[in-house]
Amino acid sequence: MKDAMPCAAKTCTASVAGGRPERCRTRLCRRRRLDPRSVLALPMFEGVPAGPVMRLLDGATVETHPPRAVLFDAGTPADAFHILLTGRVKLYALTADGKESIVEIIRPVTSFAEAAMFASGVYPVSAETIEPSDLVRVRASGFLDGLRANPDVARRILAALFRWNSRLDRELRMIKETPPIRRVVDYLLDLAPDGEGGAVLELPLKKAVIASRLGMEPESLSRVLARLRKIGVLSKGRVVAIADLEALRRFEASAAAADR
């Protein structure tokens, strides 16, 4: 890919019949060189000295993508992994009836798709930007060549990925075993500020996306939010008002104790 800019717009202006924005497949709006030091804290580089990481990522560039840019499709060759620096990306699968099922919402600074590169060689899910996003696309060929040349670094990175994936597996099991109302309360508390008193939150994603991320149907999310009104949680659109944060924390603690 050349350094020329295929697209100069900050948002995708392509459209289909009816004026709805089309998924962008130009991949790239702007490009700049990556400073490898900005990604040293990634879990995959845990325990790896800075020098080898910087050599592995030498020459990598940061690409600015518009919303709804398709990064890769499920089933295609995993020829690269990505590092999200700003913005948000959704990983999703298509159900038998063609509906999207959100697997994960990626937030910065996070790497993703590296497991597919190391293991199956194909992407198991699809990836698409939710909003304007800065990403690093690290080509598999050059990265793997660098690891072959330095087996010690390769072992450290694989060990770090194993630890990270183990933590993710534990979190996913916990989510599946947690009742829907606790999933929603935990999500709201993660968004809420520290301290006491009330808070007004703007949900970062559409409720349908949040529901999918929490492993429930949108209707179930609506029912849970309706149940939370009795403890002072009011929802309208993407705005959620919490009358008493401490009361919500006590509710979560009580629900967690009851589930043990």
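**Exercise 1. A charge and a ring**

Find the ring that Lys 90 lies over in this predicted model, and give the distance.

*Solution.* The cut-off for NZ of Lys is within 6 Å of the ring centre.

**Exercise 2. Classify a ring pair**

How many aromatic pairs does the structure hold? Classify the pair of Phe 72 and Tyr 123 as stacked or edge-to-face.

*Solution.* Step one: the count is three aromatic pairs. Step two: for Phe 72 and Tyr 123, the centres are 3.8 Å apart and the planes stand at 15 degrees. Planes under 30 degrees apart count as stacked, so this pair is stacked. Step three: place the residues. Phe 72 belongs to strand E3 (residues 70–72). Tyr 123 sits in the loop between helix H2 (114–118) and strand E8 (126–129). The two are 51 residues apart, and the pair links distant parts of the chain.

Phe 72 has 6%, so Phe 72 is buried. Tyr 123 has 3%, so Tyr 123 is buried as well.

**Exercise 3. A second pair**

Classify the pair of Phe 81 and Phe 143, then say what it ties together.

*Solution.* The centres of Phe 81 and Phe 143 are 5.0 Å apart, with 80 degrees between the planes. Over 60 degrees counts as edge-to-face, so that is the class of this pair. Phe 81 lies in strand E4 (residues 80–86), and Phe 143 in helix H3 (residues 140–149). The pair therefore ties together parts 62 residues apart in sequence. Both Phe 81 and Phe 143 are buried.

**Exercise 4. A cluster**

Which residues do ring pairs link into a cluster?

*Solution.* The cluster consists of Phe 72, Phe 112 and Tyr 123.

**Exercise 5. Two helices**

Describe how helix H5 (residues 180–191) and helix H8 (residues 245–259) meet.

*Solution.* Take the axes: they come within 10 Å and cross at roughly 145 degrees. Then the hand: the crossing of H5 and H8 is left-handed. Now the residues. H5 brings Ile 181, Arg 182, Val 185, Asp 186 and Leu 189. H8 brings Leu 248, Arg 249, Phe 251, Glu 252, Ala 255, Ala 256 and Asp 259. Sort them by class: seven nonpolar, no polar and five charged residues.

**Exercise 6. The whole chain**

How many helices and strands does the protein chain have, and what share of residues is buried?

*Solution.* Count eight helices and 12 strands. Of the 260 residues, 40% count as buried.

Note on methods
Residues are numbered from 1 along each chain as its sequence is written. This is a predicted model: local features need pLDDT of at least 70, side-chain atom pairs count only at pLDDT 80 or more; totals for chains, interfaces and linings use all residues. Side-chain values use heavy atoms; hydrogens and water are left out. Rings of Phe, Tyr and Trp (its six-membered ring) pair if their centres lie within 6.5 Å; planes under 30 degrees apart count as stacked, over 60 as edge-to-face and the rest as tilted. Helices (H or I, at least four residues) and strands (E, at least two) are DSSP runs, numbered from the N terminus. Buried means under 20% relative accessible area, exposed over 50%, partly exposed in between (1.4 Å probe, protein chains only). A charge sits over a ring if NZ of Lys or CZ of Arg is within 6 Å of the ring centre and within 35 degrees of the ring normal. Axes are lines fitted to C-alpha atoms, for helices over the stretch in contact, and angles run from 0 to 180 degrees between N-to-C directions. A crossing is left-handed if the near helix is turned anticlockwise from the far one by less than a right angle, and right-handed if clockwise. Contact means heavy atoms within 4.5 Å. Ala, Val, Leu, Ile, Met, Phe, Trp, Tyr, Cys and Pro count as nonpolar, Asp, Glu, Lys and Arg as charged, and the others, Gly among them, as polar.
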